[in-house]
Amino acid sequence: MKLYRTADGHYVEHGGSYYLIPDSSWDKLVTHDDLHAYLLSIVNSGRTTDGVSPAQILAPIGNQEVWAAGVTYFRSRSARMEESKSAGGGDFYDRVYSADRPELFFKATANRVAGPGTHVRIRTDAKWSVPEPELTLLINQHGHIIGYTVGNDMSSRDIEGENPLYLPQAKVYDRSCALGPCILVCGDPLPASTPIRVDIVRNGSVEFSGATTLAELKREPVSLVEYLYRDNSFPFGAFLMTGTGIVPPDSFTLTSGDRIRITIDPIGTLENDVIQGH
């Protein structure tokens, strides 16, 4: 089942049919004691409605925080080591890749999150910016994974590479994060064969494409969640981006006007245009 937050209400889609959810509060909905069973009861009611207009779809977030995990794919480890080598930080990323404790960092509040069809930003003081396509977990207040969405962890690689302590500035700024188009709510974890793909379109042509699968993810999602929820409480739940296994070549940087398409089957495609500045 797919859960949508839209400008005119919340909907669940199952088997090509759409059902309006009576709850008006997104936070109340995603902190339901058993979201999967609740949505299934709405589907089983048989009261279908019109489909969801793409223009009405919003980012699937209320008062949830967005956090992110880093260096969870070998490709990410290699890229982070290379970009920070001259600053003496390369060894940090090799160590965290092999350590028991993962790298976790705060990414965004809801007001910094872009929804489907809206724009993401690159920093005005950055010269080397990339998208990071990531499977993103929706976790309830009890620390249980209740759904999945597509995430884009926008990153300023030159700022991050200059000094590892600049990571928050490279990662956290207005519209540095995109989520959507929906929450996939299913009873079982996604299989390791789940594909993740990104296409970056520039002036009508594909400038970069890349793909990976969850089989390349080094850490188990439940382990990442366990570390995030240690000594931390999330009364409205939280989103956790699980890291990227797709890194464009060092010669590539995003520019204003680029279009980023990230697809994770069976969730869907998150599409955003890029701007620099406000």
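Mentor: Let's start with a term: partly exposed means a relative accessible area between buried, which is under 20%, and exposed, which is over 50%. Keep in mind that this is a predicted model.

Trainee: Thanks! Is Phe106 buried, partly exposed or exposed, and why?

Mentor: Phe106 has a relative accessible area of 28%. Buried would need under 20% and exposed over 50%, so Phe106 counts as partly exposed.

Trainee: And why does Trp67 count as it does, buried or exposed?

Mentor: The cut-off for buried is under 20% relative accessible area. Trp67 has 17% relative accessibility, so Trp67 is buried.

Trainee: How many aromatic pairs are there, and what kind do Trp67 and Phe106 form?

Mentor: The count comes to five aromatic pairs. In the pair of Trp67 and Phe106, the centres are 5.8 Å apart and the planes make 85°. Angles over 60 degrees count as edge-to-face, and that is the name for Trp67 and Phe106: edge-to-face.

Trainee: Which strands does that pair link, and how many residues apart are its members?

Mentor: Trp67 is in strand 4 (residues 65-70), and Phe106 is in strand 5 (residues 103-108). The pair links distant parts of the chain, with a separation of 39 residues.

Trainee: What about Phe208 and Phe252, which kind of pair is that?

Mentor: Their centres are 6.1 Å apart, with 40° between the planes.

Trainee: Which residue has its charged end over the ring of Tyr227?

Mentor: The charged end in question lies 4.0 Å from the centre of the Tyr227 ring. The residue is Arg230.

Methods
Residues are numbered from 1 along each chain as its sequence is written. This is a predicted model: local features need pLDDT of at least 70, side-chain atom pairs count only at pLDDT 80 or more; totals for chains, interfaces and linings use all residues. Side-chain values use heavy atoms; hydrogens and water are left out. Rings of Phe, Tyr and Trp (its six-membered ring) pair if their centres lie within 6.5 Å; planes under 30 degrees apart count as stacked, over 60 as edge-to-face and the rest as tilted. Helices (H or I, at least four residues) and strands (E, at least two) are DSSP runs, numbered from the N terminus. Buried means under 20% relative accessible area, exposed over 50%, partly exposed in between (1.4 Å probe, protein chains only). A charge sits over a ring if NZ of Lys or CZ of Arg is within 6 Å of the ring centre and within 35 degrees of the ring normal.
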